[in-house]
Amino acid sequence: MNTFLIARFPKPDFTSGYQYPEIIHGLPYETFWSWMDVAMLIIMLSIAAWAVHKRRNRGVLFTESIISVLYFGFFRSGCVCSVGSIQNVVLALNDSSYNLPLAVLMLFLIPLVFALLFGRVFCAGVCPMGALQEIVNVRNFRLSRAVTNALGFIPWIYLAFAVMYAATRSQFIICHFDPFIGIFRMGGDIGMIVFGVTLLLLSVFMGRPFCQFLCPYGALLGLVSRVSVRKVEVTAKECINCTLCHNACPVDAIRPPHANRPEETRMTGVKRILLYFVMLPLLTVGGALLMQSRSEVLAGANKDVRLMRMLNEYDAAPDEGMTPEVEAFYEMGRSIDELTERVDATMQSFRHWSLIAGGMIGLSLGCRLIRLSVKRTRKTYEIEPAACVACGKCFNYCPQNKSKIKYEPQNL
């Protein structure tokens, strides 16, 4: 019986005192699984934080990677994930008519909260994309530090474009260009499947190329991890500078002692940092204005803008025939004035958000230059919180985690 039709008519008003029983509606199937995702996320993040900070156990993290790939990846088809939820949150902040599901908001916020408390434990084995790369990793070929620093800027560019296109209701480019969704769903766009397989092949010989050089959510996690309450540490004991953890790290997140010792006078370093601080607002404003100058080109990703341009091209050269989009527009009887109004609003939105996106790129570039210019001396091997994905490989290589023998630190 259709309960929707029943609810259309008022219930009878009994005079005998009869009261209708309370009707409890069950959760829709997909809503149940959305909250199951949130529960699984919290449980797995808690276990990862325990394994990283309390036990320093690589085996637990690797087991979580397998579970994450099976559940979040293949069973839940990799969607909705914390990485893609960035776009939902941005759209909700910019458009009050968009109803952001609470479960999606939780998927976005919970890993960031754990990163603030414990570092990037979400990357340890909870994220299915990172977990899949971790499972296939066998060897770790390292690029030069200069190359990784340059490639490490790409996630911030990706994040800026994802924010702009989501806020303007144009595309969810993180989902559209997800390299692993085709693998998890065992089908889809052949180009993205090939891209995902290529990344997995690279992951065999290189530690997590997607996480290091592409993931926009990883950029946010790295930023939050810089101020995390508890930083990831290789060992709770004294470091003996044996180099084993440094060689084992797949993402080159462990900095060796004295590797960043300045080879210049202190005043020279201070002047360079001050110069970058002066350049910071210039880079921010320059990036914003440059992106805004290309807003009309960038707006081409919006379906309404594309349709308007197709209509203009048809009006200019009707003999060349209609495209399917133009033909569908006229057959549906849509109004040109209504479309023009929507396109004008979209173009205004692009001028606004391209300014913000360009400013984000310029600001992140300036901050990156400042960070790379800060020189300090290290006496032992230290983990860089923003780069560490908490995979735990260094735990098994550190002799301080295996043996009770007392080692004397080396004086370098």
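Reply: What follows begins with confidence, moves to the histidine and ends with the cysteines.

The model is predicted, with a mean pLDDT of 88 for the protein, and 88% of its residues reach 70 or more. Among the elements, helix α9 (residues 154–167) has the highest mean pLDDT, 97, whereas helix α1 (residues 3–6) has the lowest, 43. Over residues 1–9 the pLDDT stays below 50, and this stretch makes one contact in the model beyond near neighbours in sequence.

The histidine in question, H53, belongs to helix α2, which spans residues 29–55. Its relative accessibility is 8%, so H53 counts as buried, the cut-off for that term being under 20%. Leaving aside residues up to four places away in sequence, H53 touches F118, R230, K231 and V232. With F118 there is also a polar pairing, in which a polar atom of the H53 side chain lies 2.7 Å from the backbone oxygen of F118.

Turning to the cysteines, the count of disulfides is zero, where a pair of sulfur atoms would have to lie within 2.5 Å. For C242, the closest cysteine sulfur is that of C398, at 5.8 Å, which is too far for a bond; C242 itself is partly exposed, because its relative accessible area is 25%. C249 is likewise in no disulfide, the nearest cysteine sulfur being that of C391, 6.1 Å away, and C249 is buried, with a relative accessible area of 9%.

Methods. Residues are numbered from 1 along each chain as its sequence is written. This is a predicted model: local features need pLDDT of at least 70, side-chain atom pairs count only at pLDDT 80 or more; totals for chains, interfaces and linings use all residues. Side-chain values use heavy atoms; hydrogens and water are left out. pLDDT is the predictor's confidence in each residue, from 0 to 100. Helices (H or I, at least four residues) and strands (E, at least two) are DSSP runs, numbered from the N terminus. Contact means heavy atoms within 4.5 Å. Buried means under 20% relative accessible area, exposed over 50%, partly exposed in between (1.4 Å probe, protein chains only). A polar contact is a pair of N or O atoms within 3.5 Å; within protein, one must be able to donate a hydrogen and the other to accept it, and residues adjacent in sequence count only if both atoms are side-chain atoms.
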